[in-house]
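These are my notes from going through the model.

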Amino acid sequence: MKKTILISGGAGFIGSHVVRRFVNKYPDYHIYNIDVLTYAGNLENLKDVEDYENYTFLRGDITDENFVKTIFNEYKFSSVIHLAAESHVDRSIADPLAFAKTNILGTMVLLNAAKQCWNNSMENKLFYHISTDEVYGTLDSTGLFTEKTPYDPNSPYSASKASSDHFVRAYGETYKLPFIISNCSNNYGSYQFPEKLIPLFINNILNNQSLPVYGDGNYTRDWLYVTDHADAIDLVFHKGKVNDTYNIGGFNEWKNIDLVRLLCRIMDEKLNKSEEKSSKKLITFVKDRPGHDLRYAIDASKVQKELGWNPSVTFEEGLEKTIDWYLGNKEWLEHVISGEYQTYYEKQYNN
Ligand code: NAD
Ligand code: TYD
């Protein structure tokens, strides 16, 4: 069936993988990508699909009510897949208001426009909100986040995402807006901006810069290869139960320090570095992140059982593919490491 889908944040890391997947797999759908192109949004991420007939880029801010209303009126989207957000915890600690604005207000503006546009009939409409496992707060060394775990966010980023999830659910209850929410664990893969752990450390190894591990490095994350997340988003969008929530994760927990050592080992092999010159020597323990969540781990059995989703690559495979991509796309890296990046880096790591 023909669908007109608004994907927000499609020029970002995960969004670009979702746009690429949908325009290739569903030639009958028309994909509109709204993105304001912050430091994290980059049209180079979508160069391979920019000329597709079933793809349109709309440069705009999701917090701009007039713009969002205008595009809903003009294109009559039947569904929204909402990924646009400020997404980096460290930046949220430095500038929490920017996170409230985009993540909370921006989500509400999209919800309002969808509600208005779909007022006559909510049939076959869907607001699919992409969220994070960080809304659940932190785990100690045992247990997993399920869809029933109470929200308990600790950082301004996770608090803003939790708030946006609540608004999506509230629009479902109050205005009967059909929605789905999925909460996913840490993603990694190609096109990720080099401020998040894995691409930052790949970039630093390439530049022989230190690898700043926060605290003692014993923090645990559950890593998922980004195209496996895009695969889950596709399944949830088409087969998920409306007004329901799905947790998505990699069944793949790593302590940061172990992950960094594995990354160094693979990089050393790729760069022909001897043990003496190993990238491991760049590891530096630095001041901890305030309010650092100890452990995230997702119970993804619901999406597995109900929708038949499973991650397709092991962590070692995914990490190697990711490293190969960054080694083969140094120009992309150079382009995103702009003046703004240098200023951010100075502020974040040289204090
Ligand atoms: P990202 O930071 O790489 O990309 C975000 C995109 O949103 C960028 O293209 C940016 O330009 C755009 N954007 C930001 N503010 C905007 C605004 N006001 N108007 C329009 N566009 C705007 O983020 P990502 O890592 O791809 O994450 C995408 C979504 O997935 C986010 O909602 C995030 O919370 C969620 N998520 C991310 C992860 C992860 O590990 N990266 C895990 C779970 C959930
Ligand atoms: P990050 O990629 O920022 O994702 P999130 O905070 O959303 O989980 O960080 C992943 C883990 O790596 C987290 O425990 C913080 C840690 N970390 C470092 O130790 N050093 C760094 O420079 C960064 C960016 C992250």
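Which backbone atom lies 3.1 Å from an oxygen atom of ligand 1? I found that it is a backbone N or O atom of Phe 13. I count a polar contact as a pair of N or O atoms within 3.5 Å; within protein, one must be able to donate a hydrogen and the other to accept it, and residues adjacent in sequence count only if both atoms are side-chain atoms.

Before going on, I noted that this is a predicted model, where local features need pLDDT of at least 70, side-chain atom pairs count only at pLDDT 80 or more, and totals for chains, interfaces and linings use all residues. Residues are numbered from 1 along each chain as its sequence is written, chains are lettered from A and ligands numbered from 1 in the order in which they are written, and side-chain values use heavy atoms, with hydrogens and water left out.

**Ligand 1**

I looked up the side-chain contacts next. A polar side-chain atom of Tyr 157 sits 2.7 Å from an oxygen atom of ligand 1. For Lys 161, a side-chain N or O atom is 2.6 Å from an oxygen atom of ligand 1. On its own ligand 1 exposes 830 Å², and the protein buries 96% of that (Shrake-Rupley method, 1.4 Å probe; for residues, only the protein chains shown count as cover).

I listed 29 residues around ligand 1, with Ile 14, Asp 35, Ser 87, Tyr 157 and Lys 161 the closest (near means a heavy atom within 4 Å). Helix 1 (13–25), strand 5 (126–132), helix 5 (156–175) and strand 7 (186–188) each give at least two residues to this shell. Helices (H or I, at least four residues) and strands (E, at least two) are DSSP runs, numbered from the N terminus. Strand 5 has the largest share, three residues. By class I got 13 nonpolar, 12 polar and four charged. Here Ala, Val, Leu, Ile, Met, Phe, Trp, Tyr, Cys and Pro are nonpolar, Asp, Glu, Lys and Arg charged, and the others, Gly among them, polar.

**Ligand 2**

Of the 20 residues around ligand 2, Glu 134, Arg 221, Arg 289, His 292 and Tyr 349 come nearest. A backbone N or O atom of Leu 197 is 2.9 Å from an oxygen atom of ligand 2. For a polar backbone atom of Tyr 214, I read 2.8 Å to an oxygen atom of the ligand. Asn 256 brings a polar side-chain atom to 2.9 Å from a ligand 2 oxygen. The protein covers 97% of the 510 Å² of accessible area that ligand 2 has on its own. I sorted the shell into 10 nonpolar, four polar and six charged residues.

**Cavity**

How many cavities of 30 Å³ or more does a search of the whole structure find? I found one. The largest cavity has a volume of about 40 Å³. Its lining includes Glu 134, Arg 221, Arg 289 and His 292. A cavity is a set of points on a 1 Å grid over the protein atoms alone where a 1.4 Å probe fits but cannot get out; lining residues have an atom within 4 Å of a point. Points join across faces, edges and corners, and a volume is the space filled by probe spheres set on them.

**Rings**

I found 26 aromatic pairs in the whole structure (Phe, Tyr and six-membered Trp rings, centres within 6.5 Å; planes under 30 degrees apart are stacked, over 60 edge-to-face, the rest tilted). Phe 22 and Phe 237 have ring centres 5.6 Å apart and planes at 75°, so I logged the pair as edge-to-face. Phe 22 lies in helix 1 and Phe 237 in helix 7 (residues 226–239), so the pair ties together parts 215 residues apart in sequence.

Terms used: 1 Å grid on protein atoms, 1.4 Å probe; cavity = no way out; pocket = protein on both sides within 12 Å on 5 of 7 lines; lining within 4 Å.
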